[in-house]
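Work through the exercises below with the sequence and the 3D structure at hand. Each task is followed by a stepwise solution.

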Number of protein chains: 2
Amino acid sequence: MSQPFVVVGGDAAGLSAASKCKREDPEREVIVYEKSEWISYAHCGMPYYVKGEVDSLGDLLSLSPREVDERGIDLHRNHEVLSVDPEEQHVRVHGPDGEFEQSYGDLLIATGARALVAPIEGTDLADVFTMHHMHSTAQLRAFLTPPDEADESAFETDYVDVDVTEYLDREPPTTAAIVGGGYVGVEMAEAFRSRGLETHLYQRSDRPVPPFGDAVGQRVSETLEEAGVECHFGTAVNSLEGNGRVDRVETDDGSQAVDLVLVGIGIRPNTQLVEDTGIEFGDSGAIRIDEYGRTTVESVYAAGDCAEKTHTVTGDPAWVPLGLTANRAGRAIGQTVAGDPEPVGEIAGTAVLKAFELECGRTGITDFDAAREAGFDPVAETITAGSRSGYYPGNAETTVTLVADRETGQLLGGTIAGEDRAAIRINTLATALESDMTVSEVERLDLAYAPPFSPVWDPLLVAAKVLRGTLSDWRSN
Amino acid sequence: MSQPFVVVGGDAAGLSAASKCKREDPEREVIVYEKSEWISYAHCGMPYYVKGEVDSLGDLLSLSPREVDERGIDLHRNHEVLSVDPEEQHVRVHGPDGEFEQSYGDLLIATGARALVAPIEGTDLADVFTMHHMHSTAQLRAFLTPPDEADESAFETDYVDVDVTEYLDREPPTTAAIVGGGYVGVEMAEAFRSRGLETHLYQRSDRPVPPFGDAVGQRVSETLEEAGVECHFGTAVNSLEGNGRVDRVETDDGSQAVDLVLVGIGIRPNTQLVEDTGIEFGDSGAIRIDEYGRTTVESVYAAGDCAEKTHTVTGDPAWVPLGLTANRAGRAIGQTVAGDPEPVGEIAGTAVLKAFELECGRTGITDFDAAREAGFDPVAETITAGSRSGYYPGNAETTVTLVADRETGQLLGGTIAGEDRAAIRINTLATALESDMTVSEVERLDLAYAPPFSPVWDPLLVAAKVLRGTLSDWRSN
């Protein structure tokens with residue numbers, strides 16, 4: 001009888017691996033340790049729960065512990081894995097009843113990411129929130145809910161009680177500050193504005209959502225401002241101040257009184273557990289893996305936000321912590337562990353974002369420095385074109401940037417922003433990247449045309465046509 | 001001085017070619033003959049003009065004769081080309097001032113398609129319409145407009161007056177029949193219902209929109225019925241009856257009183273002009289061309305709805321008359337004629353359709369007989385999955401069918417239907433087809449995930465996963 005498959009971390013990657021392994025090899029013992037009491041929760045849905053579009057905290061959970069049990073997985077919540085001993089092939093675990101050792105045949109590190117702590121004073125004050133844990137998410141929603149609209153069911157789940165009484169009883173805030181203009185910052189701006197809060201967004205750089213590039217950043221800026229968000233770009237927050245509870249934000253431009261602060265300045269791979277085990281890390285700080293998700297240490301796998309993956313465009317390792325690739329890698333590792341090796345797949349860095357009514361997407365390598373580092377000579381063009389036939393109602397200006405290699409014409413990446421079905425269009429580019437298409441090949445794609453959905457020349461085709469022209473001009477000079 | 005580039009037909013393919021040639025080679029004389037008084041009009045927009053979503057007839061025209069003039073193109077409307085003499089390299093033209101000969105250096109046949117005439121009696125009665133010409137489209141809109149809402153500006157264009165007085169003065173119809181359940185039939189059902197007409201749709205086969213396959217056809221059926229369209233599937237119309245004006249539709253099931261009939265049973269390549277010129281035709285009846293759009297006769301090109309194109313999946317010639325590929329082929333031929341050869345591109349057969357709020361898409365080879373004829377052994381799976389995260393408002397059931405070759409796993413085609421951004425998702429499959437991707441490769445695509453736009457596993461990925469399972473099961477048995 002083989003030793004168990006032990007999984008550290010009970011979210012997307014970990015539970016996908018455990019479930020797949022158990023399904024393929026029902027005899028195998030599969031044990032999952034989760035540090036917190038929460039499993040399988042949708043990070044990406046948290047802003048919409050705070051906003052109130054998602055009714056209940058429980059809606060964010062895709063699996064309950066009971067469902068995990070029913071799959072035959074031995075799940076232990078509130079169990080923290082303290083150390084890994086690859087020589088002896090066991091882990092040391094701290095649970096409610098004390099510490100113990102568990103040996104493994106295969107081990108999966110699926111410890112995810114942790115929110116970056118802002119290097120500023122005052123983040124430990126009360127009413128300073130992050131959007132990385134269910135408890136703080138629930139507290140924030142409770143805080144935003146007027147006492148007369150309080151609905152207990154919004155905070156119930158199948159299996160965890162969240163105590164939000166203190167926040168439910170307080171007067172709702174009227175002014176919020178957001179530190180960081182990335183995904184979380186932009187999504188939370190929507191949540192705060194929809195609840196009528198005066199909202200200040202602070203971002204060190206000159207544009208929000210840097211991974212989406214300048215053209216999308218510009219449109220997101222305009223959207224935020226139209227929605228009444230007070231944007232402070234190029235502005236670092238020096239400190240959060242208050243007496244126990246935060247009550248103001250200090251910047252070089254002055255002081256802003258606030259009732260709450262949301263800090264969302266990014267995440268980092270959560271890899272402390274395996275730092276002294278001989279497991280190697282990539283330049284990104286995430287765990288290096290091979291095409292089957294194996295770390296550099298025998299029988300130890302890694303998946304999800306704590307691990308790197310091979311980038312489709314560069315062929316190099318990259319760290320892009322997102323939900324689909326975490327689920328997919330976990331599932332593949334579960335299958336591999338069960339004896340049927342399956343590659344974890346590559347990442348193209350595809351991401352989409354809703355900024356109020358603006359839909360944004362990005363995929364591939366769009367940053368020129370990153371492209372040069374990977375050996376490319378990047379050229380880009382940005383166009384704006386209609387999303388539908390000009391005469392059809394609802395036609396919306398759609399901004400597309402395409403980046404290609406000057407020498408080969410290979411598509412390296414792209415971004416898109418617009419209010420009409422823009423985000424989902426990024427999948428076309430992600431698919432083109434997977435096939436190493438050139439810009440000319442993209443230009444010749446037989447894409448859909450019908451007045452309600454697209455003009456004759458889809459904005460992606462217009463962008464490809466323009467970029468191809470630029471590449472040709474360069475060659476003929 | 002080289003002989004002129006002569007173009008027969010002033011719509012998408014013809015004017016794209018003329019414009020591109022003139023831009024690349026401004027010295028070249030470019031002459032366009034258009035049989036009617038209309039140029040460059042959007043067929044695909046006609047149903048929305050009749051519905052009233054598009055305000056004015058002029059909105060459907062993408063270029064006015066003046067704009068064509070400004071491009072330096074010698075445009076002659078109301079000039080019919082009667083014959084082509086490839087030996088002498090001239091065409092015979094009938095214009096308002098009589099007949100004349102025009103010699104050419106290069107000739108483009110861009111004569112488009114013609115509406116199929118239904119093989120039933122009574123289609124020549126008054127108030128029987130097709131959706132293939134601007135005049136009948138304008139008359140139909142006028143007929144549907146209540147006299148007190150008549151707005152002359154809806155019938156004005158920059159350069160053609162349309163006399164619709166007779167129809168504007170009449171009482172609007174209350175009952176309409178549609179013969180044919182293809183694109184036009186479904187789109188016109190929406191137009192008629194939105195104007196409150198009792199609407200009967202007759203279709204010989206058991207499902208509407210056959211090129212979209214059974215799963216989409218089923219959803220379109222349901223949508224039509226929910227929208228109050230009386231669907232008569234599997235029902236052939238025997239005759240249209242009336243005394244001068246149509247007043248009833250006869251089928252084996254009985255007689256239906258109507259005020260108007262819309263016939264949309266398909267189109268055929270309009271190739272009569274070149275039938276005795278030595279130009280070869282494909283099995284489809286459309287003109288055979290090579291990768292640069294050249295016919296089998298020296299210096300004669302063909303593009304648009306009258307010509308075949310190479311199918312991306314089969315590599316064989318196919319006839320798929322749609323707007324983007326017509327524009328693209330015309331543009332490429334214009335460039336080739338100007339001295340810089342450019343392939344016309346292939347077709348994947350990508351098409352999208354709006355059926356009330358249902359969005360439908362199809363691409364590639366989805367019909368099993370067609371797949372077998374091309375040498376494949378087709379396998380298909382159909383799934384239904386959410387368009388967004390389950391907890392996010394607006395999540396809509398999306399039906400996807402994927403077809404693959406059993407032996408190689410190569411993706412052959414797919415269809416999709418759903419109410420939330422379903423149509424535009426077909427572009428991902430069209431791109432995958434262009435790269436000869438296998439179902440496994442599609443399953444591993446890094447597609448976008450964010451709760452408002454897609455669940456973790458996009459419906460396309462779910463379909464690929466299921467179909468891949470089916471293919472694997474087959475291999476292991």
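**Exercise 1.** Locate A:Arg425 in chain A, decide whether A:Arg425 is buried or exposed, and list its contacts.

Solution. 
- Step 1. A:Arg425 lies in the loop of chain A that runs between β25 (411–418) and α10 (426–434). Helices (H or I, at least four residues) and strands (E, at least two) are DSSP runs, numbered from the N terminus.
- Step 2. The model is predicted: local features need pLDDT of at least 70, side-chain atom pairs count only at pLDDT 80 or more, and totals for chains, interfaces and linings use all residues, while side-chain values use heavy atoms, with hydrogens and water left out. Residues are numbered from 1 along each chain as its sequence is written, and chains are lettered from A and ligands numbered from 1 in the order in which they are written.
- Step 3. The relative accessibility of A:Arg425 is 1%, so the residue counts as buried. The cut-offs are under 20% relative accessible area for buried, over 50% for exposed and partly exposed in between (1.4 Å probe, protein chains only).
- Step 4. Contact means heavy atoms within 4.5 Å. With neighbours within four places in sequence left aside, A:Arg425 is in contact with A:Ser387, A:Ile416, A:Asp420, A:Phe453, A:Ser454, A:Asp458, A:Pro459, A:Leu460 and, from chain B, B:Ile424.
- Step 5. With A:Asp458 there is a side-chain to side-chain polar contact of 3.0 Å. A polar contact is a pair of N or O atoms within 3.5 Å; within protein, one must be able to donate a hydrogen and the other to accept it, and residues adjacent in sequence count only if both atoms are side-chain atoms.

**Exercise 2.** Describe how α1(A) and α8(A) pack.

Solution. 
- Step 1. Helix α1 (residues 12–24) and helix α8 (residues 323–337) of chain A have axes 7 Å apart, at an angle of about 30 degrees. Axes are lines fitted to C-alpha atoms, for helices over the stretch in contact, and angles run from 0 to 180 degrees between N-to-C directions.
- Step 2. The crossing of α1(A) with α8(A) is right-handed. A crossing is right-handed if the near helix is turned clockwise from the far one by less than a right angle, and left-handed if anticlockwise.
- Step 3. On α1(A) the contact is made by A:Ala12, A:Ala13, A:Ser16, A:Ala17, A:Lys20 and A:Cys21. On α8(A), A:Ala326, A:Asn327, A:Gly330, A:Arg331, A:Gly334, A:Gln335 and A:Val337 take part.
- Step 4. By class, this contact holds six nonpolar, five polar and two charged residues. Ala, Val, Leu, Ile, Met, Phe, Trp, Tyr, Cys and Pro count as nonpolar, Asp, Glu, Lys and Arg as charged, and the others, Gly among them, as polar.

**Exercise 3.** Where is A:Ser40, and what is its phi?

Solution. 
- Step 1. A:Ser40 sits in the loop between β2 (30–33) and α2 (46–51) of chain A.
- Step 2. Its phi is near 50 degrees, a positive value in a residue other than glycine.
- Step 3. A:Ser40 counts as buried, at 7% relative accessibility.

**Exercise 4.** Which residues does B:Glu342 touch?

Solution. 
- Step 1. B:Glu342 belongs to the loop between α8 and β21 (351–355) of chain B, and at 9% relative accessibility B:Glu342 counts as buried.
- Step 2. Not counting residues up to four places away in sequence, B:Glu342 touches A:Arg444 and A:Arg468 of chain A, and B:Tyr292, B:Ala332, B:Gln335 and B:Thr336 of chain B.
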